[in-house]
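User: Hi, I have a protein open on my screen and would like to talk it through. Could you help me read it?
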Amino acid sequence: MAAAGGGFEDPSEDVLAQAAASFALLASPARLHIVWALAQGESDVTGLAERVGGALPAVSQHLTKLKLAGLVRSRREGRRQVYYVDDPDVVEVVRLLVGRLTDRAAPAPRRLHGL
């Protein structure tokens, strides 16, 4: 690996490919919303569909893709499957990006002139 201008070593091609694949999955607003919701707490597919406003089959398909990519995991609780994000780094990245964009979109506080 070559060192970049800042002294950091460049990641391997394999690492870059894995990161790009993860970001590609999160590039879908629906999947990003699902990961955001799961970063707040675990849920079953019905709860997620209600929260993100998606049809049950579509949310289920998104969860399957996220699960295959290793971004989401699940466990059985009785008759239902409960989904969660088991990677704190994924949670941190999603919360950081969405939080920053939310802050930027918020109206700036009004300032009183002359004070």
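Analyst: Gladly, and one caution before anything else is that this is a predicted model. Read along the sequence, the protein follows the pattern α-α-β-α-α-β-β-α, and its secondary structure comes to five helices and three strands.

User: OK, and what share of the residues is buried?
Analyst: Buried residues make up 25% of the 115 residues in the protein. As for how the chain comes together, among contacts between residues at least 6 apart in sequence, 47% join residues at least 24 apart.

User: How many residues does the largest nonpolar core have?
Analyst: The largest nonpolar core has 21 residues, and those with the most contacts inside it are Val-35, Leu-38, Leu-63 and Val-72. Helices H1 (13–26), H2 (29–40), H3 (45–52), H4 (56–68) and H5 (88–105) each supply at least two residues of this core.

User: Which helix gives the most to it?
Analyst: That is H2, which gives five residues to this core.

User: Let me pick Leu-38, then. What is it in contact with?
Analyst: If we leave aside its neighbours within four places in sequence, Leu-38 is in contact with Ser-43, Leu-48, Leu-63, Val-72, Tyr-83, Tyr-84 and Val-85.

User: Where does Ser-43 lie?
Analyst: Ser-43 lies in strand S1, which covers residues 43–44. Not counting residues up to four places away in sequence, Ser-43 touches Leu-38, Leu-48, Gln-81, Val-82 and Tyr-83.

User: And is Ser-43 buried or exposed?
Analyst: Ser-43 counts as buried because its relative accessibility is 17%, and the cut-off for buried is under 20%.

User: What lies 3.4 Å from a polar atom of its side chain?
Analyst: The backbone nitrogen of Leu-48 lies 3.4 Å from a polar atom of the Ser-43 side chain.

User: Changing topic: what volume does the largest pocket have, and which residues line it?
Analyst: The largest pocket has a volume of about 250 Å³. Its lining is made up of Gln-18, Ala-19, Ser-22, Phe-23, Leu-26, Ala-69, Gly-70, Leu-71, Asp-87, Asp-89, Val-90 and Val-93.

User: Which helices supply that lining?
Analyst: H1 and H5 each supply at least two residues of the lining, and the largest share, five residues, comes from H1.

User: Last one: how do the lining residues divide into nonpolar, polar and charged?
Analyst: The residues lining the largest pocket divide into seven nonpolar, three polar and two charged.

Key. Residues are numbered from 1 along each chain as its sequence is written. This is a predicted model: local features need pLDDT of at least 70, side-chain atom pairs count only at pLDDT 80 or more; totals for chains, interfaces and linings use all residues. Side-chain values use heavy atoms; hydrogens and water are left out. A nonpolar core is a set of buried Ala, Val, Leu, Ile, Met, Phe, Trp, Tyr and Cys residues joined through side-chain atoms within 4.5 Å. Buried means under 20% relative accessible area, exposed over 50%, partly exposed in between (1.4 Å probe, protein chains only). Helices (H or I, at least four residues) and strands (E, at least two) are DSSP runs, numbered from the N terminus. Contact means heavy atoms within 4.5 Å. On a 1 Å grid over the protein atoms alone, a cavity is a set of points where a 1.4 Å probe fits but cannot get out, and a pocket is an open set with protein on both sides within 12 Å along at least five of seven lines; lining residues have an atom within 4 Å of a point. Grid points are joined across faces, edges and corners, and a volume is the space filled by probe spheres set on the points. Ala, Val, Leu, Ile, Met, Phe, Trp, Tyr, Cys and Pro count as nonpolar, Asp, Glu, Lys and Arg as charged, and the others, Gly among them, as polar. A polar contact is a pair of N or O atoms within 3.5 Å; within protein, one must be able to donate a hydrogen and the other to accept it, and residues adjacent in sequence count only if both atoms are side-chain atoms.
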